[in-house]
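Please read it alongside the sequence and the model.

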Amino acid sequence: MGGESTTRTAPHQGVTGTAQAGGKLGQRLSGLAVALGTVLFLGGFAWGAVVYQPYTVPTSSMSPTIGVGNRVLAQRVDGGEVRRGDVVVFNDKSWVTGAAVVKRVVAVGGDTVACCTDGKLTVNGKKIEEPYLPEGTPAEVSKIPTVKVPQGRLFLLGDERQGSLDSSAHLADAAKGTVSQNAVTARVDAVVWPMKGMLKSPTGFEALGALSQPGPVRTIAAVIVAGVVLIFGGAAYGPIAGRRGRSSTRPGSAGAR
């Protein structure tokens, strides 16, 4: 009929094809993100398990740096890598049988240690600033006579000096309170429960030599977090894309021509 309109709604073939192609690409990228995230997440935990050993500290001898019951991450190291100021985990049957001990190394082989001069620990005649000690407490509650640390051995103290059964409590032993560096199994990097974070650098020992550098705990944590972000981001693509697709096909969203 002459007066009858012949206008019809034409399907937008080009737009539809592009949308489908974009959807497939998005699905592939989201799958890749989940896969990569899983690798990073699991790989980060595996890396951490190889490098670090978790310990629970059962006493308050390292307070306030490490409280009783705190969970720490200790990097597996060789005793020869230990330096002044390190907080280490070691086993010595003359101290404790069948349990690991956590203390701070204040002197290494060849050092001369004593306490106290003007209320401070001295190592090789230098007074050591120890900001990690409990506020207002002396460096030692009892006098430590001058001890020459034999090569290959360590002199260790707890940060809570008053109640710590450390080298100062073993001065009458044959080793004069020292511990073999080979007894060290790990060096504490961080307190993870409660979340106190990385131990502060023992800068008071810098004048005596280089300090130990923290292990890769920050990098491992970043890898694990990146994995979690990729997994959740990739997994969220499907629901988000589906919601957008439904909103774009609502009635009235496409005009006729």
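## Overall organisation

Among the contacts in the chain with a separation of 6 or more, 67% are accounted for by residues 24 or more positions apart. The model is a predicted one, and its chain holds two helices and 12 strands, which run from the N terminus in the order α-β-β-β-β-β-β-β-β-β-β-β-β-α.

Of the 257 residues in the chain, 36% are buried. The accessible surface of the chain comes to about 14800 Å², and carbon and sulfur atoms contribute 59% of that area.

## Nonpolar cores

The largest nonpolar core contains 18 residues, and those that touch the most other members are Val 106, Val 113, Leu 121, Val 123, Phe 155 and Phe 205. Two or more residues of this core come from each of the strands β4 (101-107), β5 (112-117), β6 (120-123), β8 (144-148) and β9 (153-157). Apart from this core lies another, made up of 13 residues, including Val 82, Val 105, Ala 183 and Val 184.

For Val 113, once neighbours within four places in sequence are left aside, the contacts are Val 106, Ala 107, Leu 121, Thr 122, Val 123, Pro 145, Thr 146, Val 147, Val 149 and Phe 155.

## A nonpolar surface patch

On the surface, Leu 25, Leu 29 and Leu 32 form a nonpolar patch, and together these residues have about 310 Å² of accessible area. Leu 32 belongs to helix α1 (residues 13-51). Because its relative accessible area is 55%, Leu 32 counts as exposed, the cut-off for that term being over 50%.

Key. Residues numbered from 1 in each chain as written. Predicted model: local features only at pLDDT ≥ 70, side-chain atom pairs only at ≥ 80, totals over all residues. Heavy atoms only, no water. Patch = residues over 30% accessible without salt bridge, like charges linked within 9 Å, V, L, I, M, F, W, Y side chains within 5 Å. Areas by Shrake-Rupley, 256 points an atom, 1.4 Å probe, with all protein chains shown as cover. Salt bridge = Lys/Arg side-chain N within 4 Å of Asp/Glu carboxyl O. Helix = DSSP H or I, 4+ residues; strand = E, 2+ residues; numbered from the N terminus. Buried < 20%, exposed > 50% of the residue type's maximum accessible area, 1.4 Å probe, protein only. Core = buried A, V, L, I, M, F, W, Y, C linked by side-chain atoms within 4.5 Å. Contact = heavy atoms within 4.5 Å.
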